[in-house]
Amino acid sequence: MTTRLFVNMRLATMRGGTPYGLLEDHAVGIESGRIALVAPEGDIPSSWRSAERIDLGGRLVTPALIDCHTHIVFGGNRAREFEMRLEGASYEEIARAGGGIVSTMSATRAASEGELVESALPRLDALIAEGVSTIEIKSGYGLTVEHELKMLRAARRLGEMRPVRIVTSWLAAHALPPEYKDRPDGYIGEVVLPGMTQAKAEGLADAVDGFCEGIAFSPDQMQRVFEHAHKLGLPVKLHAEQLSNLGGAALAARHGARSADHLEYLDAAGVKAMAEHGTVAVLLPGAFYTLRETQLPPVQLLRDAGVPIAIATDCNPGSSPLASLLLTMNMACTLFRMTPEEALAGVTRNAASALGLSGEIGTIEEGKSAELAVWNAEEPAELAYRIGFNPLHLRIGGEN
């Protein structure tokens with residue numbers, strides 16, 4: 001049985017009571033991959049005397065980071081659409097002209113599972129190098145049962161190839177493929193629902209997601225998706241209120257969604273529903289930045305209602321080609337006026353809640369998985385303060 005005792009650190013537990021749950025002069029004991037001890041250095045039990053003792057030199061220690069909303073498995077890129085946006089085209093105009101998600105669909109369908117894995121690995125490695133131990137990966141670019149399942153198999157393989165926990169989401173209800181033009185209900189019934197059943201049967205989907213928007217799927221269509229997910233025992237979440245307010249967040253909340261994501265156009269009624277049903281708000285500043293949005297998500301309304309706020313990269317080829325969770329934290333502070341403490345909670349404690357993993361990760365406390373990040377930093381605010389600089393000293397744990 002492997003036991004290690006880490007000493008001489010500043011410990012940001014991200015538990016309540018004090019800012020960042022900060023503890024001074026505490027030790028952390030790890031036994032068989034679990035946190036078995038969090039105690040003042042002067043009160044270390046004698047049973048830990050034989051453990052391997054590791055001095056962290058006064059460094060900052062936080063829970064390992066969690067990226068709770070990504071699309072890192074995909075084919076091709078959309079650099080040309082980046083140029084088009086700079087030339088004045090809107091996200092909706094690009095999507096309606098055959099670009100956007102449907103553009104990535106063609107490249108994803110053409111790629112083999114191995115090619116999808118190979119292209120995703122650099123993005124995955126960039127996140128791991130910043131102290132990330134858990135990453136959510138969605139399907140959503142294949143838009144057939146076969147290719148959606150291929151994406152999720154690639155995601156599972158990534159978790160086998162790297163020391164990281166992968167959480168998958170079935171996102172076939174992401175966009176309408178050309179072969180179903182003007183037949184969204186047919187697509188839901190012939191691809192989204194039966195594919196979800198197969199993904200569940202093969203152990204490929206941990207949750208179900210969708211895109212509720214004028215350029216994607218209506219609340220009524222998402223209702224069908226959620227009802228089928230519930231029959232299969234799969235938790236749900238939703239891309240909602242990104243470009244307009246269709247009431248998707250409230251719909252998701254009423255269905256017990258773990259999270260509603262984006263939320264720039266979320267209104268007070270949606271906030272109230274999320275608060276009542278315990279749905280986490282996942283904000284995605286990378287998409288806000290890339291699309292040059294001006295409609296800010298209602299951060300203060302969410303605060304006032306006590307809705308937990310998570311943040312994530314939304315790493316994808318079009319609206320958020322961002323593979324840095326540290327930069328995401330800075331963006332959350334500078335663009336959304338979140339505090340550095342809120343940003344760190346957003347990639348630890350609240351991100352764990354968004355994935356249904358609060359009992360396992362997200363805070364530093366006895367009994368949880370020993371997934372920690374050790375930083376060359378003194379103050380927790382440094383993680384959100386710096387731009388383009390990675391202070392990670394050591395990442396501990398993160399294996400499935």
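Of the contacts in the protein chain with a separation of 6 or more, 71% are accounted for by residues 24 or more positions apart, where contact means heavy atoms within 4.5 Å. This is a predicted model, in which local features need pLDDT of at least 70 and side-chain atom pairs count only at pLDDT 80 or more, while totals for chains, interfaces and linings use all residues. Residues are numbered from 1 along each chain as its sequence is written, and side-chain values use heavy atoms, with hydrogens and water left out.

The protein chain holds 15 helices and 15 strands, taken as DSSP runs (H or I, at least four residues, for helices; E, at least two, for strands) and numbered from the N terminus. Its radius of gyration is 21 Å, close to the 21 Å that the globule rule gives for 400 residues, so the chain is as compact as a globular protein of that length; the radius is taken over C-alpha atoms, and the rule is 2.2 Å times the number of residues to the power 0.38. Of the 400 residues, 58% are buried, a term that means under 20% relative accessible area, with exposed meaning over 50% and partly exposed in between (1.4 Å probe, protein chains only).

Most residues other than glycine have a negative phi. D25 counts as exposed because its relative accessibility is 56%, whereas E241 is buried, with a relative accessible area of 1%.
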